[in-house]
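Hello,

Here is the structure we talked about passing on. Please open it alongside this email; what I found follows below.

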Amino acid sequence: MRSMIAALAMTVAAAGVAHAQKAAPEADAQALELLKRAIAFRTVEGPGNQTPDYANYLRDALIAGGFAAEDVTVERLGDTAMLVARYRGTAKPGTAKPIGIIGHMDVVAADPKDWERDPFTPVIENGYIFGRGSTDNKFSVSAMVAALIQLKKDGFKPRRDIIFMGSGDEETEMKTTAALAEKYTGLELLLNIDAGGGRYSPEGKAEYYGLQAAEKTYADFILTVTDPGGHSSAPRPVNAIVTLARAVERIGNYKFAPEVNEITKASLAVAAETAKPEDAAAIRAFLANPQDDGALKVLRANYGLVGQIGTTCVPTMVNAGHAQNALPQRATANINCRIFPGNSIESIQAKLKDVAAEPGLTIVKDDSGGKPGPASPLRPDVMKAVTDGIHARFPTVKVIPSMSAGATDSMHFRGRGVPSYGIAPIFMKQSDQFAHGLNERTPLSELAPAVTYFRRVVAELSK
């Protein structure tokens, strides 16, 4: 009898996966409605933050779509909130770890006076949907919620529980992400719908898809020089601003040792296929010998590639002095680092201290920095599910592992030992990428394929 039940469960699961490959116009329409409503929520940290309202809206949509009310929760945390929805599987408790899905509900700030259209009013124009979050990350959240609801309507019964999580401050402190990662350390794996993605050529041809399997550690370091100061009419041998300036210049000119791992080897090899001849030659020379000076000179001058060949640290903010007619008593600078996997934050801090070479300077790590984590293993089941999903749309496109410059929600889960993979569905031209910038927009033609892709990948990995 048990074998018959097991066989029936496998048949139902297989049927659900097959159904997930078919178009679902109702789900596509719901995704668009969810996205339009999402953009209208001003989910920005600080006074008037509407992330809790948006989370409640998504909760209501999931319950209306077939989720049990007790399986969808919204929890406030400061001025923001986190959403959790559990899609229950058929496996006995304790026999199959859940898979997690995460996407963030918050967005970066946007000043309406700087935009051509109000950033929190969805506008559909010339084949695009405009608005803050139309790409990052309300597009993917809307597509995933619609996909999960459609799987429910299709009667799909996963073997593993599926835990969908909406974080509420990925763009800022990540306290909701940290809380979610602490609670759900027992996941089989995490699918991050805000990382990874595909690239179109300027002519609109799909070139490749990058599956995020690693990310650099984000860290900020505060450099400080203090001095008694004095009257500006009586300069002294030591000046806090001058001391800081020397240190910042040295750090700005410093080049960290080049590094590679299996993720960057794969992604750089594919990048060489479509890069300009000089860049392609440099990439291939670097992969053959990471110490090749000529290759490093070319790659470090390319802002699209420099982040893939090692740790980078750059000055991003300075603050000094207290009066125009006084010698400065304090001068500070922020150094922002994106640390290659395998390096500790402490080792980079020590290196910056050595490079600064100013005895009177202190350097401390800002508390809002990232959490180091190893690259995730290239699991065959994940690679196959994502590749099959992409090839259903673009049969010949290469799917390659990629490393993000950091930081995404995956960071906190990888740091707790949960293999995490960025599977964002959007293919974009580089000229269309306005996330975090003015007039953010995404082609509407990406939405229906995103829903189909999510349905397929989630069904495959949870069956």
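**Helix 4 and the cores**

Just past the end of helix 4, G155 adopts a positive phi of about 80°. Keep in mind that this is a predicted model.

Helix 4 itself has 17 residues. From first C-alpha to last, helix 4 reaches 24 Å, close to the 24 Å expected at 1.5 Å a residue. Helix 4 is mostly covered, with 14 of its 17 residues buried.

Now the packing. The largest nonpolar core holds 71 residues. Those with the most contacts inside this core are L58, L148, F164, Y209, V386 and I423. Helix 4 (residues 138-154) gives the most to this core: ten residues. Another core lies apart from it and has 23 residues, among them I335, C337, I348 and L361.

**The disulfide**

How many disulfides are there? The count comes to one. This disulfide joins C313 to C337, with an S to S distance of 2.1 Å. C313 sits in strand 12 (residues 312-320), and C337 sits in strand 14 (residues 330-339). The two cysteines are 24 residues apart, so the pair links distant parts of the chain.

Which hand does the disulfide have? The torsion about the S-S bond of C313 and C337 is about 115°, so the disulfide is right-handed.

Are these cysteines buried or exposed? The cut-off for buried is under 20% relative accessible area. C313 counts as buried because its relative accessibility is 6%. C337 is also buried, because its relative accessible area is 0%.

Best wishes

How values were computed:
Residues are numbered from 1 along each chain as its sequence is written. This is a predicted model: local features need pLDDT of at least 70, side-chain atom pairs count only at pLDDT 80 or more; totals for chains, interfaces and linings use all residues. Side-chain values use heavy atoms; hydrogens and water are left out. A disulfide is a pair of cysteine sulfur atoms within 2.5 Å. Helices (H or I, at least four residues) and strands (E, at least two) are DSSP runs, numbered from the N terminus. Buried means under 20% relative accessible area, exposed over 50%, partly exposed in between (1.4 Å probe, protein chains only). A nonpolar core is a set of buried Ala, Val, Leu, Ile, Met, Phe, Trp, Tyr and Cys residues joined through side-chain atoms within 4.5 Å. The expected span of a helix is 1.5 Å times one less than its number of residues.
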